[in-house]
Amino acid sequence: QKVAFTFDGIVKINLRATNTSVREIVLHVNDLEISTYSLTNNVVIGTKNYDPSTYDPITDKWTITLENDLPTNTATELTVNYKGFMRDDMHGFYRSFYMDNGAKKWMGTTQFQQTEARRAFPCFDVSSVMMAA
């Protein structure tokens with residue numbers, strides 16, 4: 001059953017470890033409900049249920065700890081299944097409306113400045129940008 005102002009998502013992120021001994025993947029997530037995730041290269045490495053203890057609400061970082069090293073220089077796909085809520089505070093993926101002949105029309109709107117995309121989907125983001133002089 002669908003609930004008003006919610007969304008379901010699947011994000012697929014292509015990874016390639018360039019260093020040896022990579023055992024962690026750290027993503028940014030804010031106000032999303034992760035259900036499952038899986039890693040695939042030539043075969044499925046594994047599908048797991050989300051463990052809330054792997055999330056730090058202060059930094060909005062979700063750490064996936066792997067049982068084995070990611071294969072070096074091998075394309076690996078991380079797939080994450082999740083749900084979210086369309087907020088009304090103009091952050092991330094939010095709801096807004098306009099009036100059309102006296103009728104309220106709802107729409108989904110995005111704002112992805114710096115850290116806001118993590119409210120729409122698990123991702124890597126940059127919270128500060130340094131410019132070279």
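A salt bridge, as used in these legends, is a side-chain nitrogen of Lys or Arg within 4 Å of a carboxyl oxygen of Asp or Glu. This is a predicted model, so local features need pLDDT of at least 70 and side-chain atom pairs count only at pLDDT 80 or more, while totals for chains, interfaces and linings use all residues. Residues are numbered from 1 along each chain as its sequence is written, and side-chain values use heavy atoms, with hydrogens and water left out.

**View 1. D31, R87 and D89 are joined by salt bridges.**
The side chains of D89 and R87 meet at 2.4 Å, N to O, in a salt bridge. Salt bridges that share partners make one network of D31, R87 and D89. R87 also pairs with D31, and there the closest N and O atoms are 2.8 Å apart. R87 sits in the loop between β7 and β8 (92-100) and D31 in the loop between β2 (24-28) and β3 (32-40), so this pair ties together parts that are 56 residues apart in sequence. Strands here are DSSP runs of E of at least two residues, and helices are runs of H or I of at least four, numbered from the N terminus. (Buried means under 20% relative accessible area, exposed over 50%, and partly exposed in between, with a 1.4 Å probe and protein chains only.) Side chains of opposite charge can pair when their charged atoms come close.

**View 2. K48 reaches E67.**
Here the closest N and O atoms of the K48–E67 salt bridge are 2.8 Å apart. The two residues come from distant parts of the chain, 19 residues apart: K48 belongs to strand β4 (residues 44-49), and E67 to the loop between β6 (61-65) and β7. K48 is partly exposed at 35% relative accessible area, whereas E67 is exposed at 59%. How many salt bridges does a search of the whole structure find? The count is eight.

**View 3. Strand β1 has two faces and pairs with β7.**
On β1 (residues 6-16), the covered face carries F7, G9, V11, I13 and L15, and the uncovered one T6, D8, I10, K12, N14 and R16. In a regular strand the side chains alternate between the two faces of the sheet. The strand runs antiparallel to β7 (residues 75-85), with 11 bridges joining them. (Two strands pair if DSSP finds at least two bridges between them.) Look for F7 opposite G84 in β7.

**View 4. I13 is a buried residue of β1.**
I13 belongs to strand β1 and counts as buried, with 13% relative accessibility. Which residues does I13 touch, leaving aside its neighbours within four places in sequence? They are L27, T76, E77, L78, P122 and F124, where contact means heavy atoms within 4.5 Å. C123 is 110 residues from I13 in sequence, yet the two are 8.2 Å apart in space, C-alpha to C-alpha.

**View 5. β2, β6 and β5 make an open sheet.**
The three strands are ordered β2-β6-β5, with antiparallel pairing. β2 and β5 stand at the edges with a single partner strand each, so one side of each has no neighbour in the sheet. Two bridges join β5 to β6, and D56 stands opposite K61 in β6.

**View 6. F97, M99 and W106 make a nonpolar surface patch.**
The patch covers about 340 Å². F97 lies in strand β8 and is partly exposed at 42% relative accessible area. Patch residues have over 30% relative accessible area and no salt bridge; like charges are joined within 9 Å, and nonpolar side chains (Val, Leu, Ile, Met, Phe, Trp, Tyr) within 5 Å. Accessible areas come from the Shrake-Rupley method with a 1.4 Å probe, and for residues only the protein chains shown count as cover.

**View 7. The whole chain, with its confidence.**
The protein chain has zero helices and nine strands, and 32% of its 133 residues count as buried. Its pLDDT, the predictor's confidence in each residue from 0 to 100, averages 86, and 91% of the residues score at least 70. By element, confidence is lowest in β4, at a mean of 78, and highest in β5 (residues 55-56), at 96. Over residues 127-133 pLDDT stays under 50, and the model has three contacts for that stretch beyond four places in sequence.
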